[in-house]
Amino acid sequence: MKTVILALLSLAIASPALALSCMAPDAVRLYEQARDSEDTFVAVRGRIDLSEPARAPDPDTETPATTHAVMSGYALTSHGFGAVFNRPIQIEATCFGPWCGSAEGFEGEQLAMLKVGDDTAYTLAADPCGGAAMAWSKDGEQRLLACHRTGTCLTAE
């Protein structure tokens, strides 16, 4: 009986570690969230290079950890990703309880939705579910462009 109670207690204690469930990253979903927000965003396809070591957020506070970086690539216009974009950005890593996002892990080309601040600073949200960036794919870009141009917004299956 003690063994059963100990097993149940260990499952109850471990269950919060299994509680975070994230949807698969999707270019159209990122685009729609940015488009439908009251904030202003710019969609950028490019590479992110950290200007400093990534700062880790503290899961005990709601204060994001800000890391400075540079994003180089192309911003979305009415004609596609055609406007050269090479600007400093801030990556704001946040936590959902004990799970935290990070400014690290943006290897290769990314599709990112950068929030434009009042002072024209660009901010990329990085939460434990990926935030507002994902690895670039041809399929993701094509579906995002179709959504942008025609309003036909199909997420990946």
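Start with the cover over helix α3: its buried residues are covered by elements including α2, β1, β2, β3 (80–93) and β6, where contact means heavy atoms within 4.5 Å. Helices here are DSSP runs (H or I, at least four residues), strands likewise (E, at least two), numbered from the N terminus. A caveat: this is a predicted model, with local features needing pLDDT of at least 70, side-chain atom pairs counting only at pLDDT 80 or more, and totals for chains, interfaces and linings using all residues. Residues are numbered from 1 along each chain as its sequence is written, and side-chain values use heavy atoms, leaving out hydrogens and water.

Now select α3 itself, residues 138–150. Gly-140, Glu-141, Arg-143, Leu-144, Leu-145 and Cys-147 are buried there (under 20% relative accessible area, 1.4 Å probe, protein chains only).

Show side chains for Ala-27, Val-28, Tyr-31, Glu-32 and Arg-35 in α2: they meet Gly-140, Arg-143, Leu-144, Cys-147 and His-148 in α3.

Last stop: β1, residues 40–50. Seven bridges join β1 to antiparallel β6 (residues 110–116), and Val-44 sits opposite Ala-112 there. Another seven link β1 to β2 (residues 65–77), also antiparallel; look for Arg-45 opposite Tyr-74. Strands pair if DSSP finds at least two bridges between them.

Note on methods
Axes fitted to C-alpha atoms, helices over the stretch in contact; angles between N-to-C directions. Buried < 20%, exposed > 50% of the residue type's maximum accessible area, 1.4 Å probe, protein only.
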